Amino acid sequence: MTVVDDLTALSDEELRSRVDEWLVENLPAGWLDAIEAGDDERLRALRKQLDYAEFRVRIGEAGWATPTWPREYGGAGIEPRQAKVVNEELTRFRAPRSFNIIGIGMAGPTIMHWGTEEQKLRYLPPMAQDREIWCQLFSEPGAGSDVAGLATRAVRDGDEWVVNGQKVWTTLAHVAAFGMLVARTDPDQPKHKGLTYFVVDMKAPGVEVRPLKQMTGDAEFNEVFFTEVHIPDAARLGPVGEGWAVATTTLMNERAALSGAGSTSGGNVGGGAVEELVAAARRSRAWDDPTLRDRLMQALIDGRVVKMTNLRSTAARKAGRQPGPEGSITKLFQAEFNQRLQNLAVDLLGPGGMAWRPGELAAATVRGFLRSRANTVEGGTSEIMRNILGERVLGLPKEPAVDRDVPWKDVKRSQ
């Protein structure tokens with residue numbers, strides 16, 4: 001079943017019914033019954049029957065993964081108001097979401113804003129369908145928070161660009177088909193100028209990816225090395241030398257993508273995970289502890305604050321505004337909220353948080369706790385978020401920057 005008619009003409013209830021029908025048809029039989037009955041064991045068994053990779057392709061083909069994108073670019077072509085209905089049903093069904101958050105949340109909006117029609121038709125549909133995973137190639141060993149100081153070079157050679165340099169902390173680079181690359185094309189310009197933005201084929205000759213092992217045991221971050229990598233000029237996004245403006249679009253959408261409510265053990269949307277944590281505490285002795293109970297109530301309040309702030313951001317996008325620096329508010333709050341939430345989840349386990357058998361809930365909870373340490377670093381550190389809010393939202397004086405108007409090649413830096 002695919003989306004073939006004009007969904008914008010449907011009422012909210014008609015659209016809800018359409019989404020429900022699709023989910024019932026494409027998820028294992030009894031899925032919703034297990035959720036409504038609170039039968040987690042049955043739901044776990046049904047999850048094992050689901051081919052996640054195939055499901056993500058199908059939900060993308062149906063348009064539900066990117067509901068507000070135009071049909072020709074892989075979406076359902078509906079209004080943001082209607083997308084809320086779609087997301088409510090996906091959440092109610094606990095439907096698996098796209099693995100391609102960097103693509104859909106960051107590359108997609110950037111290509112939509114800056115890309116040519118040919119680029120949109122080539123990259124967006126397979127992105128929405130999870131067929132091609134994306135990564136973001138911004139941070140470097142010498143350019144993290146100060147990403148505009150990056151040193152990776154791109155030199156024009158006819159209809160191509162030759163790239164040399166290194167990126168680091170690149171999420172999903174080891175599985176990505178494409179990457180969003182910002183490289184320096186004019187070192188005679190100050191650091192924010194002379195940058196150009198490219199789409200790079202991660203399987204191209206000269207691209208080397210080295211995974212970085214995390215304390216969770218996973219390796220979702222990577223180092224990426226570019227040695228004489230040839231990129232066609234047709235893969236350039238935006239004008240030559242305007243890479244910082246294009247990158248700013250990506251960064252604003254990155255903060256929006258990282259601004260969802262906190263999660264524990266893989267739960268996600270709108271504070272739902274907090275409510276599940278409260279329910280688990282009620283079933284155990286943890287609820288009798290007044291200190292833990294107070295922390296749970298505070299988590300519920302914080303989750304609602306995140307949700308309401310996100311609703312305001314959604315309303316702004318519905319009005320046609322691009323994500324702005326105010327996205328840093330939610331990114332900052334959510335990162336620190338999620339760390340508090342993960343700490344609480346482990347504390348609720350009591351001694352069970354120290355040792356567990358494979359497959360037990362504690363394993364996922366502790367992994368979430370360990371993974372959350374990155375929240376206040378990835379996508380912009382909390383310190384940088386506070387600077388952005390101070391300068392661009394509150395109008396406070398900028399931090400001193402002696403290199404702002406100095407040609408990049410003349411800026412002193414470590415080698």
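The structure is a predicted model, in which local features need pLDDT of at least 70 and side-chain atom pairs count only at pLDDT 80 or more, while totals for chains, interfaces and linings use all residues. Residues are numbered from 1 along each chain as its sequence is written, and side-chain values use heavy atoms, with hydrogens and water left out.

The secondary structure of the protein chain comprises 13 helices and 8 strands, where helices (H or I, at least four residues) and strands (E, at least two) are DSSP runs numbered from the N terminus. The C-alpha trace spans about 65 × 50 × 40 Å along its principal axes. For 415 residues a compact globule would have a radius of gyration near 22 Å, and the chain, with 22 Å, agrees with this; the radius is taken over C-alpha atoms, and the globule rule is 2.2 Å times the number of residues to the power 0.38. Buried residues make up 48% of the 415 residues, where buried means under 20% relative accessible area, exposed over 50%, and partly exposed in between (1.4 Å probe, protein chains only).

A pair of aromatic rings is described by the distance of the centres and the angle of the planes. Rings of Phe, Tyr and Trp (its six-membered ring) pair if their centres lie within 6.5 Å, and planes under 30 degrees apart count as stacked, over 60 as edge-to-face and the rest as tilted. By this rule the count comes to 8 aromatic pairs. In one of them, the ring centres of Trp-22 and Phe-55 are 5.7 Å apart and the planes stand at 55°, so the pair is tilted. Because Trp-22 belongs to helix α1 (residues 12-26) and Phe-55 to helix α4 (residues 52-61), this pair ties together parts that are 33 residues apart in sequence. Trp-22 is buried at a relative accessible area of 1%, and Phe-55 is buried at 0%.

Trp-134 and Phe-178 also form a tilted pair, with 5.4 Å from centre to centre and 35° between the planes. Here Trp-134 in strand β1 (residues 134-137) is linked with Phe-178 in strand β4 (residues 178-184), 44 residues away. Trp-134 is buried, with a relative accessible area of 0%, and Phe-178 is likewise buried, with 12%. Together with Tyr-123, these two residues form one aromatic cluster.

Most residues other than glycine have a negative phi. Arg-94, however, has a positive phi near 50°; this residue is placed in the loop between α5 (80-92) and α6 (101-114) and is partly exposed, with a relative accessible area of 33%. Glu-228 also has a positive phi near 50°, but lies in strand β7 (residues 221-232), where Glu-228 is partly exposed at 47%.

Towards the end of helix α13 (residues 382-393) lies Val-393, which counts as partly exposed at 41% relative accessibility. In the segment after α13 is Gly-395, an exposed residue with a relative accessible area of 56%. The C-alpha atoms of Gly-395 and Thr-170, which are 225 residues apart along the chain, are separated by 32 Å.
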